[in-house]
Amino acid sequence: MKRTAIYTISFTAHCESGLHIGGSQDELTIGGSDNPVIKNPETRQPYIPGSSLKGKMRGELEKQLGRFGGQNKDRPCGCARDECPICRVFGAHMNTRSKLGPSRVIVRDGRPLTGVRIENKTENVINRQTGAAQHPRSNERVVEGTEFSIQIVLQVFDLDNSFSYTDTKRNTHQGGGALQAVVADGLRLVQMTGLGGGTSRGSGAVRFHDFKLDGAPWKHWSA
Ligand SMILES: [Zn+2]
């Protein structure tokens, strides 16, 4: 197995609503939010963990391709089949016999482009019997309009030459182009469904823009 290319896909994530990606309970402070956002411990600035974006891309692609749940129940796909875009690009989950090689993508943490404001969104829990609001919870959110700079590093191996992928726009790609098309579809699906917590209640709408592949416009993105 030989690596034949390494690409860097860079882009900006624009928050179209408040964004809540939960931090650890260690960050709880007296008088603070019940549910803080994750922050860099040095700078105290919120960021988008690469693992959050990668996990969401993978989960959405699994749903799209009919590989969500199934034989693995609630676990990620680990089929390691030659034709599986999930196992090839993100790694075959818990499958030590996979011959597909390592995960092709490295998703870097998204760093804020400007100083970030944080809001507290209070949500009531409604008693379904009486309709009364009870014990409100406060959730920290990065405010709408915040932008983060993100990079995804994509590795191509010689064993990807035979891999083909038909994207959600019904275009078929081969080799390294097919890997890029999987990444583009994953990001497109995250853009449609949202990122972080509370997406069913109005949080986490993101729009991706300003894509570059090694500094040049990226032809796999047009959305
Ligand atoms: Zn698989």
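**Strands, helices and one arginine**

Trainee: Over how many bridges do strand β3 (residues 111-112) and β6 pair in the antiparallel sense?

Mentor: The model is predicted: local features need pLDDT of at least 70, side-chain atom pairs count only at pLDDT 80 or more, and totals for chains, interfaces and linings use all residues. Residues are numbered from 1 along each chain as its sequence is written. Strands (E, at least two residues) and helices (H or I, at least four) are DSSP runs numbered from the N terminus. Strands pair if DSSP finds at least two bridges between them, and for β3 and β6 the count is two.

Trainee: Which residue of β6 is the bridge partner of arginine 111?

Mentor: Arginine 111 belongs to β3, which covers residues 111-112. In β6, its bridge partner is serine 149.

Trainee: How many bridges join strand β1 to strand β6?

Mentor: β1 spans residues 3-15 and β6 spans residues 147-157, and the two run antiparallel. The number of bridges joining β1 to β6 is 11.

Trainee: Are helices α1 and α3 roughly parallel or roughly perpendicular?

Mentor: The axes (lines fitted to C-alpha atoms over the stretch in contact, with angles from 0 to 180 degrees between N-to-C directions) of α1 (residues 50-64) and α3 (residues 175-193) come within 8 Å and cross at roughly 95°. Under 35 degrees counts as roughly parallel, over 145 as roughly antiparallel, 65 to 115 as roughly perpendicular and the rest as oblique. α1 and α3 are therefore roughly perpendicular.

Trainee: How far does α3 reach from its first C-alpha to its last?

Mentor: The expected span is 1.5 Å times one less than the number of residues. With 19 residues, α3 has an expected span of 27 Å, and its reach is close to that, at 28 Å.

Trainee: Which residue, with a positive phi, follows α3?

Mentor: Its phi is near 105°. The residue is glycine 194.

Trainee: Is arginine 137 buried or exposed?

Mentor: Arginine 137 lies in strand β5 (residues 133-142). A residue is buried if 20 or more other C-beta atoms, placed from the backbone, lie within 10 Å of its own, exposed if 12 or fewer, and partly exposed in between. Because arginine 137 has 12 other C-beta atoms within 10 Å, it is exposed.

Trainee: Which residues does arginine 137 contact, leaving aside neighbours within four places in sequence?

Mentor: Contact requires C-beta atoms, placed from the backbone, to lie within 7 Å. On that basis, the residues are Asp34, Asn35, Glu123 and Val125.

Conventions
Two residues are in contact if their C-beta atoms, placed from the backbone, lie within 7 Å.
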